[in-house]
Amino acid sequence: MELKKKLEILSAAAKYDVSCSSSGSTRKNKKGGIGNSHLSGICHSWSDDGRCISLLKILFTNNCIYDCAYCVNRASNDIPRATFTPEEVVSLTINFYRRNYIEGLFLSSAVFKNPDYTMELLLKTVKSLRTVYNFNGYIHLKAIPGADYRLISEAGTYVDRMSVNIELPSSNGLKLLAPQKNKESILKPMGFISTKIKENKDEKKIYRKPTTFVPAGQSTQLIVGATADSDLNILRLSENLYKRFNLKRVYYSAYVPVSDSPNLPAISSPPLLREHRIYQADWLLRFYGFSANEILDETNQNLDTQLDPKCDWALRNIHLFPIEINRADYETLLKVPGIGIKSAKRIISARRIGPINYDTLKKIGVVLKRARYFITCQGKFYGERSMNQEKIKQSILFNNFKDNTFTYNQEQLSMFSLYPNLFNKEESLSVIVGEF
Amino acid sequence: MIYYIYDGSFEGLLTSIYDSFYRREYPDKIVSDDNFQPNLLIEAVHIKTDSEKASKVYNSIKNKISSSALENIFYVFLSEVENNEKIIYNYLRLGWKLENKIDLYLSDDRVLTVHKIVRRVKNERHRMLGLIRFRYLDKNTYYAPIEPQYNIIGLVAPHFTKRLSDQNWIIHDVNRKIAAVYDKREWYITDFKLNRELKYSDEEIFFQDLWKQYFNSIAIKNRINPRLQKRNMPMKYWKYLIEKS
């Protein structure tokens with residue numbers, strides 16, 4: 001088969017993997033070598049769906065022995081199949097890299113023959129890139145669940161980031177949609193990698209030139225909207241993954257209808273708004289000091305689609321507000337809707353000079369159309385409204401509507417309200433409520 | 001009205017600042033000689049670039065204000081936005097008063113304007129690190145034309161000397177007619193013009209074709225979102241992108 005055809009098939013097969021970041025590694029170029037990595041990562045292009053292209057994201061092969069209902073590469077699906085050779089992947093990577101098309105390689109694979117055989121092929125490819133071609137750019141490799149730990153551990157010494165996909169947020173979901181996989185087979189390699197990363201960090205304190213092991217950390221991905229799991233369950237799962245396995249990122253991908261299996265919800269377009277809200281909540285977990293149980297609780301199990309999670313949280317906890325901008329500490333500032341990491345830091349540094357007034361806040365970059373209902377500035381409240389939860393919510397929503405911030409979401413909202421109804425039609429799905 | 005006319009170089013600008021303090025004068029405008037249009041109301045003072053004066057100002061900024069202030073004014077200089085000389089001048093005057101605390105005065109417009117411009121230049125620089133596309137010419141030489149809004153060519157070159165250290169490359173700022181050239185040992189900026197259209201080898205066309213293929217097949221058709229794409233990758237940069245031209 002022609003290389004172009006293979007690339008077409010195997011990049012299209014990899015497109016549902018969301019992770020594309022190239023950050024977190026400080027690998028340097030060697031003499032006579034090619035490439036290095038950039039700590040913050042670099043995006044090289046943006047595809048027509050608006051997602052960034054940073055790495056050459058391909059599957060090694062889309063020949064799969066598994067038959068997972070949600071996956072486009074499932075064994076029973078009638079699609080063209082292809083397999084690269086390690087040399088082809090290496091040549092594509094090097095030639096794209098020299099032209100600055102990409103930041104590195106993201107290599108994943110369907111499970112071909114058996115997990116060990118697949119992992120060996122992946123290992124051979126990355127090893128040849130690093131040792132034969134002296135390539136020092138970014139490599140993100142998928143660890144194949146079920147592969148021998150020796151293979152995973154050797155591959156880890158060559159790559160920057162590794163990931164194992166969780167796929168579905170609950171074990172019941174797995175049982176229904178991916179009967180050949182189970183929770184243990186996914187979590188075990190994840191735990192193995194995270195222990196190895198920790199060991200390697202300790203070694204670095206002792207030896208002068210230790211080998212690196214997955215320096216940019218581990219990530220994972222799960223599909224949103226293919227099962228009936230609530231947002232609260234998803235966030236709790238993510239929180240645990242961040243805490244227990246020290247994951248760098250959990251990626252969420254809105255379920256794109258790729259199959260008409262009776263076990264899957266029949267939707268016409270992916271739940272993008274829900275995905276967006278979960279990402280916002282994920283940021284709150286990682287950078288804003290929130291916990292999953294703060295963002296949502298048993299009575300509110302799903303994120304509000306109209307308001308962002310922080311706004312929603314603040315409205316439910318209106319008794320904590322308003323706070324005084326000139327006195328609140330950094331952690332409190334971060335919890336105000338409309339104040340992000342950057343503006344919180346700017347507020348702290350501008351305060352060292354003198355008190356901040358309302359005008360300065362605007363200049364600093366605080367989003368006042370949300371923030372003003374929750375703050376006072378030198379003792380004065382600028383919210384025009386009393387501290388009434390409903391009234392504030394209405395004004396914020398009205399502002400969003402006025403600015404056209406959410407126009408493109410309008411139709412998605414209507415689609416989204418249909419979504420729970422669709423679920424109820426599927427009897428088999430009612431069993432999937434899950435704790436992971 | 002007093003106008004200072006300088007030669008358009010960074011050293012020239014620093015010399016103007018030195019002279020303004022020495023002459024105890026407050027210029028209404030500082031302009032480079034290619035942007036200067038004389039008229040009757042203007043008293044033009046021609047500044048002769050003097051590297052000794054320039055380095056005095058340079059060191060004074062570094063020692064008396066801060067090295068980040070020095071970095072900031074260099075970014076503003078490279079931004080080539082209208083009246084950037086005066087923006088720098090005002091910022092520095094304030095800087096010598098407030099010393100290393102200057103960048104905390106976020107409520108002051110003189111500081112805020114500088115920070116805004118610096119952010120825009122840094123953003124474009126970072127974006128360019130990804131959007132530059134090299135084309136293979138011959139003899140291990142790669143060529144990349146770009147049309148950035150700000151004069152960032154010297155800011156992106158060091159990144160590529162580290163990354164693509166084993167190939168010769170040229171990054172060509174087409175509008176400013178300059179290029180950063182690297183010959184596997186060192187890089188320099190030079191005047192540059194293409195005299196004829198380039199012809200690419202079959203191999204180059206082959207990889208361009210593969211890249212376009214990849215670009216198209218990686219997009220998820222159910223999620224097409226041109227607005228998001230354009231926000232991240234403004235159309236002004238599309239001209240030299242292989243995948244978009």
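This is a predicted model: local features need pLDDT of at least 70, side-chain atom pairs count only at pLDDT 80 or more; totals for chains, interfaces and linings use all residues.
## Starting with one leucine

Where in chain A is the place of A:Leu55? A:Leu55 sits in strand 3 of chain A.

Is A:Leu55 buried or exposed? With a relative accessible area of 0%, A:Leu55 is buried, because anything under 20% counts that way. Leaving out residues up to four places away in sequence, A:Leu55 touches a list of neighbours that includes A:Cys20, A:Ile102, A:Phe106, A:Tyr138 and A:His140. Another name on that list, B:Tyr214, belongs to chain B.

## Where the two chains meet

Now look at the two chains together. On one side, 60 residues of chain A make contact, and on the other, 53 residues of chain B. Between them the chains bury about 5100 Å², with 57% of that on carbon and sulfur atoms.

How many salt bridges are there between chain A and chain B? The count is 7. For one to look at, find the side chains of A:Asp48 and B:Lys244, which meet in a salt bridge at 3.2 Å, N to O. Several elements of chain A give two or more residues to the side that touches chain B, including helix 1 (3-12), strand 3 (55-59), helix 2 (86-98) and helix 8 (272-287). By kind, the residues on this side of chain A divide into 26 nonpolar, 20 polar and 14 charged.

## The nonpolar core

In soluble globular proteins, nonpolar side chains tend to be buried together. Here, the largest nonpolar core has 193 residues. The residues with the most contacts inside this core are A:Met162, A:Phe374 and B:Trp169. Helix 5 of chain B, residues 109-131, gives the most to the core, with 8 residues.

What surrounds A:Phe374? Setting aside neighbours within four places in sequence, its contacts include A:Leu315, A:Ile318, A:Phe321, A:Val336, A:Phe381, A:Ile392 and A:Ile396.

## A buried serine

Next, find A:Ser37, in the loop between helix 1 and strand 1 of chain A. Why does A:Ser37 count as buried? Its relative accessibility is 11%, and the cut-off for buried is under 20%.

A polar atom of the A:Ser37 side chain lies 3.3 Å from the backbone oxygen of A:Ser25. Not counting residues up to four places away in sequence, A:Ser37 also touches A:Thr26, A:Arg27, A:Asn136, A:Tyr138 and, from the other chain, B:Arg163.

## Salt bridges across the structure

Over all chains, the structure holds 35 salt bridges. In one of them, the side chains of A:Asp49 and A:Arg51 meet at 3.3 Å, N to O. Both of these residues are buried.

A:Glu154 and A:Lys127 form another salt bridge, their closest N and O atoms being 3.4 Å apart. This pair links distant parts of the chain: A:Glu154 is in helix 4 and A:Lys127 in helix 3 of chain A, 27 residues apart. A:Glu154 is partly exposed at 30% relative accessible area, and A:Lys127 is partly exposed at 33%. A:Arg150 and A:Asp148 are also joined by a salt bridge, at 3.1 Å between the closest N and O atoms. Here A:Arg150 counts as exposed at 65% relative accessibility, whereas A:Asp148 is partly exposed at 28%. Finally, shared partners join A:Arg27, A:Arg130 and A:Asp160 into one network of salt bridges.

## A look at chain B

Chain B has 8 helices and 8 strands, and its C-alpha trace spans about 65 × 40 × 40 Å along its principal axes. Of its 245 residues, 51% are buried. Among contacts in chain B with a separation of 6 or more, 66% are between residues 24 or more positions apart.

Note on methods. Residues are numbered from 1 along each chain as its sequence is written. Chains are lettered from A and ligands numbered from 1 in the order in which they are written. Side-chain values use heavy atoms; hydrogens and water are left out. Contact means heavy atoms within 4.5 Å. Buried area is the accessible area (1.4 Å probe) that two parts lose on being put together, summed over both. A salt bridge is a side-chain nitrogen of Lys or Arg within 4 Å of a carboxyl oxygen of Asp or Glu. Helices (H or I, at least four residues) and strands (E, at least two) are DSSP runs, numbered from the N terminus. Ala, Val, Leu, Ile, Met, Phe, Trp, Tyr, Cys and Pro count as nonpolar, Asp, Glu, Lys and Arg as charged, and the others, Gly among them, as polar. A nonpolar core is a set of buried Ala, Val, Leu, Ile, Met, Phe, Trp, Tyr and Cys residues joined through side-chain atoms within 4.5 Å. Buried means under 20% relative accessible area, exposed over 50%, partly exposed in between (1.4 Å probe, protein chains only). A polar contact is a pair of N or O atoms within 3.5 Å; within protein, one must be able to donate a hydrogen and the other to accept it, and residues adjacent in sequence count only if both atoms are side-chain atoms.
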